[in-house]
Each structure stands twice: as structure tokens, then as C-alpha cells.
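Subject: A structure for you to explore

Hello,

Here is the structure I promised to pass on to you. Have a look at it first, and then read my notes below with the model open beside you.

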Amino acid sequence: MMLTALKQAQLRISRLDRTVITAVVLLSSVFPVELFPNTLPASKGLDGQYSGKQGQVLVVKVNGEEQATEVKGTFLKRTIPFFREFRPGEPAGYIGLLGIDMQDEPGAYELAVEVKQGEQAKQLSFNVLVAKEKFSVEHLKVPKETVDLDEKSVARWKTEQEQIKQALAENSRLKLWHSNFREPVNGKRTGIFGSVRIMNGKPRNPHNGEDIGAPMGADVASTNDGIVRITVNHFFSGKGVFIDHGLGFYTMYFHLSEILVKDGDLVTAGQIIGKVGATGRATGPHLHWGVKLNGARVNPYSLLDLPFKNGSTPANSTATPIPETTSVPEAVPVKQ
Ligand SMILES: [Zn+2]
């Protein structure tokens with residue numbers, strides 16, 4: 001017994017060493033910026049490490065839990081449901097998509113994963129390093145009444161916020177998407193996700209999606225399979241569609257000139273759901289494409305980097321977590 005305990009302790013120490021070494025290597029290669037100027041953050045988990053920038057999506061894989069009945073993660077108080085992944089000739093595994101919110105503070109955090117098998121539960125703990133993304137600063141000049149809202153507009157905005165909150169409170173418990181994610185419109189990506197917005201000289205909320213420039217009336221397609229949770233015509237977003245892809249994964253399409261789906265409609269990847277417009281607060285026709293992943297506002301283009309082709313991860317996906325280094329291209333400030 002004693003020997004086993006000692007061995008276990010040694011194992012833990014060596015794993016800790018490895019994690020720290022990985023952290024050092026990662027910090028010098030992936031994060032040349034002075035992310036942690038004074039000391040390295042202490043590791044928060046011993047079962048592996050992931051890293052990514054603000055607004056990115058990380059793919060977390062838990063292998064060899066074939067008998068598990070439920071796998072669930074917790075990261076910064078957000079719940080990450082894991083889903084089963086089958087590939088012929090490979091051990092069954094569970095995948096969790098971890099969204100780093102665009103405003104999560106840089107640092108080291110724990111991703112705690114609970115693997116349930118009937119009455120029994122096993123805990124896994126991963127270290128997740130969140131690095132700072134360099135978001136651009138946007139200076140916008142917009143009509144005064146669209147930023148300094150009158151009382152009536154504030155009341156309308158609050159009601160609309162509440163409507164969205166209620167519509168999105170229930171997540172589909174099933175994974176509804178089955179293929180790779182795709183760009184919703186043929187157009188020019190402006191790269192302003194996360195940009196700090198200064199409107200008429202005053203700082204406002206950061207831009208929580210990506211704007212894609214496209215001509216008025218261009219087709220807007222659903223990025224993947226899902227269910228239309230709500231369609232709106234709101235003060236800021238104009239005519240908008242919210243699609244629930246299941247497991248806490250939502251995509252949003254704003255400023256449409258026309259909406260071609262109804263609440264509750266099932267949509268497939270690539271299905272045309274509306275037309276590009278300039279409704280709501282927009283100075284010209286474009287699509288505002290947003291993503292919420294288990295409460296985190298992530299860069300929609302990080303969906304396109306996900307290794308899901310025909311609904312599954314590629315064969316080279318390994319049992320050992322690999323650091324995510326996919327970076328978001330440098331943001332280009334543009335006028336809205
Ligand atoms: Zn936008």
C-alpha cells in the first residue's frame with residue numbers, strides 16, 4: 001500500500017514537472033507578448049494542458065471512456081457538455097468545445113471534467129492558458145440618437161435583451177450539427193471581432209461578432225444544422241436570426257433585409273435563412289455574424305478552423321491534448 005501511494009505521489013510530481021515544462025515552452029513560443037510579466041501562473045490541472053487566445057474555440061478530447069454515461073466540463077463557471085465521438089477503428093472518445101470569451105482575463109484556469117459512469121464519477125483536471133488577443137480599436141461616427149438613447153429606446157432595448165435571454169435559456173441537449181461549419185455569406189471579412197468601439201468619442205461595448213461586407217440582398221446561409229430559436233427585429237441588431245446548434249452552441253445573423261425562416265424551423269448547413277441588409281444600427285449593408293458557445297462570445301471564424309469534417313474529428317486527433325495555436329488574423333479596423 002505504502003509503495004503504491006509513494007509511486008502515485010512520484011507520478012504526480014513528474015506530471016507536474018512536465019506540465020510546468022510545457023507551460024514554459026508554450027509561453028515562449030506561442031505567447032511572445034509579455035502575458036505574465038512577473039511569474040508563471042501556477043498550473044491548475046494535471047491531466048493535460050490547452051492554450052488559446054481570447055475569442056478562440058479549443059477542442060478538448062477525453063479518450064478511453066467508452067462506458068461513460070455523461071461527460072461534463074466546467075470552465076470559469078461555464079458548463080461545457082461533452083459529446084460522444086465515434087470513428088471506425090479508434091477508441092471512443094468524448095469531445096468538448098471550450099469557448100474562451102473575448103473578455104476572459106488572460107491567465108491560467110482549470111477546466112474540471114467530470115466523467116460519469118452510472119453512480120460513479122471520475123474527475124479530470126486540465127490547465128487552460130488564456131492569452132491576450134490584440135483587438136483593434138474602432139473609431140465610429142454615428143448619428144447621435146443611435147448611441148445616446150432616449151428613455152423609450154432604452155426601455156425597448158431592455159425588453160429586447162430580456163426576450164433574447166429567455167429564448168436562449170434552454171439549450172438543446174442534443175448535438176444538432178453534423179458537418180463542418182461554413183461561412184454564412186460570400187463577402188469580405190472585416191476582422192473587427194472583439195474590437196474596442198469608440199463611438200462619437202465615447203468607449204462602448206466591444207464588437208461581439210464579425211462583420212462581413214456583402215451586397216444588399218445577398219444570400220445568408222446557416223453555418224451548420226440547427227433549429228431557429230428566435231427571429232427578431234431589434235433596435236441594434238435589426239432583423240436577426242438566432243440558430244441553436246445544440247449543446248449550448250448558438251450562431252446569430254444580424255442586420256438582415258429579409259428573414260426567410262420562422263421560429264422553431266429546423267435548418268440544415270448551408271440553407272438560406274435570409275438576405276443581407278442594413279437594418280438596425282448599421283451604416284451600410286453587411287452581415288453581423290456572432291457566436292455564443294456555452295455563454296462565451298467567440299470569434300465566428302474560429303468555427304471554420306474546427307477539425308469537424310462530415311461531423312467528426314480527423315484521424316490525426318490524438319489522445320494527448322495538443323496545444324491550440326490557431327491564431328486569429330490580425331484585425332483590420334474598418335468603418336462599420
Ligand atoms: Zn457587427
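Before we get to the metal site, one term: a donor is an N, O or S atom within 2.8 Å of the metal. Please also keep in mind that this is a predicted model.

**The zinc site**

With that term in hand, which residues hold the donors of the zinc ion? The protein donors are NE2 of His 207, OD of Asp 211 and ND1 of His 288, lying 2.1 Å from the ion. Along the chain, these donors follow the spacing H-x3-D-x76-H. His 207 counts as buried, at 3% relative accessibility, and Asp 211 counts as buried too, at 4%.

While you are there, look for Ser 195, in the loop between β9 and β10 (196-199). Ser 195 is buried, with a relative accessible area of 0%. Leaving aside neighbours within four places in sequence, Ser 195 is in contact with Phe 135, Ser 136, Glu 138, Pro 206 and His 207. His 207 is one of the zinc donors described above.

**The overall picture**

Now zoom out. The protein has four helices and 21 strands. Of its 336 residues, 47% are buried. If you take the contacts with a separation of 6 or more, 73% of them are between residues 24 or more positions apart.

**Strands side by side**

Strand β3 (residues 70-75) and strand β6 (residues 107-117) run antiparallel and are joined by six bridges. In this pairing, Gly 73 stands opposite Val 113 in β6.

Strand β6 also pairs with β7, again in the antiparallel sense, over 11 bridges. Here Ala 112 stands opposite Ser 125 in β7. The hairpin of β6 and β7 has two residues between the strands, and Gly 118 takes a positive phi near 60° there.

**Aromatic pairs**

The structure holds 10 aromatic pairs, and I picked two for you. How are the rings of Tyr 50 and Phe 126 arranged? Their centres are 5.8 Å apart and their planes are at 65°; planes over 60 degrees apart count as edge-to-face, so this pair is edge-to-face. Tyr 50 lies in strand β1 (residues 49-53) and Phe 126 in strand β7 (residues 120-131), so the pair, 76 residues apart, links distant parts of the chain.

Phe 83 sits in strand β4 (residues 78-85), while Trp 177 is in the loop between α3 (151-167) and β9 (188-189), 94 residues away. Phe 83 is buried, with a relative accessible area of 6%, and Trp 177 counts as buried at 1%. Phe 83 and Trp 177 form one aromatic cluster together with Phe 181 and Phe 249.

The charged end of Lys 175 is over the ring of Trp 177, 5.0 Å from the ring centre. Likewise, the charged end of Arg 189 is over the ring of Tyr 301, 3.9 Å from the ring centre.

In soluble globular proteins, nonpolar side chains tend to be buried together. In this model, the largest nonpolar core has 32 residues, and those with the most contacts inside it are Leu 97, Val 241, Phe 249, Tyr 253, Ile 273 and Leu 287. Among the elements that give two or more residues to this core are β5 (93-99), β15 (238-246), β16 (249-256) and α4 (301-304). The largest share, four residues, comes from β20.

Beyond its neighbours within four places in sequence, Val 241 is in contact with residues including Val 228, Ile 230, Tyr 253 and Ile 273.

There is also a second, separate core of 20 residues, which includes Tyr 50, Val 62, Phe 75 and Tyr 94.

Enjoy exploring, and write back with any questions!

Best wishes

Note on methods
Residues are numbered from 1 along each chain as its sequence is written. This is a predicted model: local features need pLDDT of at least 70, side-chain atom pairs count only at pLDDT 80 or more; totals for chains, interfaces and linings use all residues. Side-chain values use heavy atoms; hydrogens and water are left out. Rings of Phe, Tyr and Trp (its six-membered ring) pair if their centres lie within 6.5 Å; planes under 30 degrees apart count as stacked, over 60 as edge-to-face and the rest as tilted. Buried means under 20% relative accessible area, exposed over 50%, partly exposed in between (1.4 Å probe, protein chains only). A charge sits over a ring if NZ of Lys or CZ of Arg is within 6 Å of the ring centre and within 35 degrees of the ring normal. Donors are N, O and S atoms within 2.8 Å of the metal (3.2 Å for Na, K and Ca); water is not among the atoms, so sites may look incomplete. A nonpolar core is a set of buried Ala, Val, Leu, Ile, Met, Phe, Trp, Tyr and Cys residues joined through side-chain atoms within 4.5 Å. Contact means heavy atoms within 4.5 Å. Two strands pair if DSSP finds at least two bridges between them.
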